[in-house]
Amino acid sequence: MTRRTDWAEYADGSAGPGDGTYGAAAAPYETDPFATGPREDDEARHGDGEARRGGGRGRGAGGTRGRRRRERAEPSAEDGGATSSSRAEKGEPPRDPVEQARAICLRLLTGTPRTRRQLADALRKREIPDEAAEEVLSRFEEVGLINDGAFAEAWVESRHHGRGLARRALARELRTKGVDATLIDAAVAQLDSEQEEETARELVDRKLRATRGLDRDKRLRRLAGMLARKGYPEGMALRVVRRALEEEGEDLGDEAF
């Protein structure tokens, strides 16, 4: 049976460690029942009669300093010292599997969107029970903290304009992240052939100068290979490279690559 958990804090979209959501998960920790407060040294406090007669003032000062050192070294649980539970301070997740899974996912999602598959793999690696992992991941999807479709669209936009990757390379990357094939198709459909070819021309223009001085065939192979590694179809890659070289004055004739 799926346990009931208070999920209201997810709706605000906060996912950072140290915020209200993460703090709520860390709140129930109890202090160490065996913690003790600072000890009092009767001898240091009172001294014997001889000490009072022969130099009790100095000894009393030393006793006070000793007590202060012990108080700093042995803080009580009520003061939130070292004897109280420090799991929350260390950022460790709670022991309950569902709460542990929730804390792990929130931490992983901080500042970096991730797919459901990536989070599931992380929970499995940390030996979270499948039932608890499924409950948390499903709830995160319901409230929008996990959205593989939006992830795929943002990935295509970023990687195409930032790295010049073509649709084939983008689809391959999304598959490795566990995105469903239907969502991948929808995401890469943002790019049409004209936009892909325009990006390919920009990539070749940036690399063209570095190939000057090489013979014609080597320039062709190097530039076309660069586009192939970024996922551009062979026909498009050759067409773009030949056009760029011809515009530079290379006589390519009708030779095939």
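Colleague: In this predicted model, at what angle do helix α7 (residues 148-163) and helix α9 (residues 181-188) pack, and how far apart are their axes?

Modeller: Two packed helices are described by the angle between their axes and the distance between the axes. Here α7 and α9 pack at an angle of about 40°, and their axes lie 9 Å apart.

Colleague: Is the crossing of α7 and α9 left-handed or right-handed, and which residues meet there?

Modeller: The crossing of these two helices is right-handed. From α7, the residues Asp148, Gly149, Ala152, Glu153 and Val156 take part, and they meet Leu183, Ala187 and Val188 of α9. Sorted by class, this contact has five nonpolar, one polar and two charged residues.

Colleague: Which residues is Leu123 in contact with, leaving aside its neighbours within four places in sequence?

Modeller: With those neighbours set aside, Leu123 is in contact with Ala101, Ile104, Cys105, Ile128, Ala133 and Leu137. As for Glu134, it is 11 residues away from Leu123 in sequence, and the C-alpha to C-alpha distance between the two is 9.8 Å.

Colleague: How many helices and strands does the protein chain have, and what share of its residues count as buried?

Modeller: The secondary structure comes to 12 helices and zero strands, while 37% of the 257 residues count as buried. Among contacts between residues at least 6 apart in sequence, 66% join residues at least 24 apart.

Notes
Residues are numbered from 1 along each chain as its sequence is written. This is a predicted model: local features need pLDDT of at least 70, side-chain atom pairs count only at pLDDT 80 or more; totals for chains, interfaces and linings use all residues. Side-chain values use heavy atoms; hydrogens and water are left out. Contact means heavy atoms within 4.5 Å. Axes are lines fitted to C-alpha atoms, for helices over the stretch in contact, and angles run from 0 to 180 degrees between N-to-C directions. Helices (H or I, at least four residues) and strands (E, at least two) are DSSP runs, numbered from the N terminus. A crossing is left-handed if the near helix is turned anticlockwise from the far one by less than a right angle, and right-handed if clockwise. Ala, Val, Leu, Ile, Met, Phe, Trp, Tyr, Cys and Pro count as nonpolar, Asp, Glu, Lys and Arg as charged, and the others, Gly among them, as polar. Buried means under 20% relative accessible area, exposed over 50%, partly exposed in between (1.4 Å probe, protein chains only).
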